Amino acid sequence: MLNTNATNFRKDMFNLLEQAIRFNEPINISTKDGNAVVISEEDYNGLMETLYLSSMPDVKNTILEGLNTPISECIPENEVDW
């Protein structure tokens with residue numbers, strides 16, 4: 001995560017935004033009243049999708065079950081029927 005203050009963010013906004021977009025590098029901008037974080041739209045959409053999927057108990061349980069399945073019990077990628 002890149003850390004900067006509001007003054008430096010204003011001075012170098014284009015380059016910092018490019019870092020967030022091209023390299024998915026969050027930017028923490030500190031001010032006297034608190035901090036703000038800038039992330040790419042891609043990262044934001046990913047977070048929203050994760051929250052959405054996590055809000056559905058059946059989907060969440062399926063994901064957790066998959067995470068807890070040993071690799072030895074998984075089907076090879078070339079055998080997955082899409």
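Helices (H or I, at least four residues) and strands (E, at least two) are DSSP runs here, numbered from the N terminus.

## About the model

This is a predicted model, in which local features need pLDDT of at least 70 and side-chain atom pairs count only at pLDDT 80 or more, while totals for chains, interfaces and linings use all residues. Residues are numbered from 1 along each chain as its sequence is written, and side-chain values use heavy atoms, with hydrogens and water left out.

Let's start with a helix. Arg 22 and Glu 18 both sit in α2, four residues apart, or about one turn of the helix. Their side chains meet in a salt bridge at 3.6 Å, N to O. The term stands for a side-chain nitrogen of Lys or Arg within 4 Å of a carboxyl oxygen of Asp or Glu, and the count by this rule is one. Side chains of opposite charge can pair when their charged atoms come close.

How open are the two partners? Arg 22 is exposed, with a relative accessible area of 55%, and Glu 18 is partly exposed, at 28%. On this scale buried means under 20% relative accessible area, exposed over 50%, and partly exposed in between (1.4 Å probe, protein chains only).

## The sheet

Next comes the sheet. Three strands form an open, mixed sheet in the order β1-β2-β3. β1 (2-5) and β3 (34-38) are at the edges with a single partner strand each, so one side of each has no neighbour in the sheet. On average, neighbouring strands are turned by 25° against each other, direction ignored; the axes behind such angles are lines fitted to C-alpha atoms, for helices over the stretch in contact, and angles run from 0 to 180 degrees between N-to-C directions.

Strands count as paired if DSSP finds at least two bridges between them. β1 and β2 are parallel, with four bridges, and Asn 3 has Asn 28 in β2 as its bridge partner. β2 and β3 run antiparallel, joined by five bridges, and form a hairpin with two residues between them. Thr 31 stands opposite Gly 34 in β3.

## The nonpolar core

The largest nonpolar core has five residues: Phe 9, Leu 16, Ala 20, Ile 27 and Ile 29. Such a core is a set of buried Ala, Val, Leu, Ile, Met, Phe, Trp, Tyr and Cys residues joined through side-chain atoms within 4.5 Å. Both α2 (13-23) and β2 (27-31) give two or more residues to this core.

Ile 29 links the two topics, as a core member and as the bridge partner of Ala 36 in β3.
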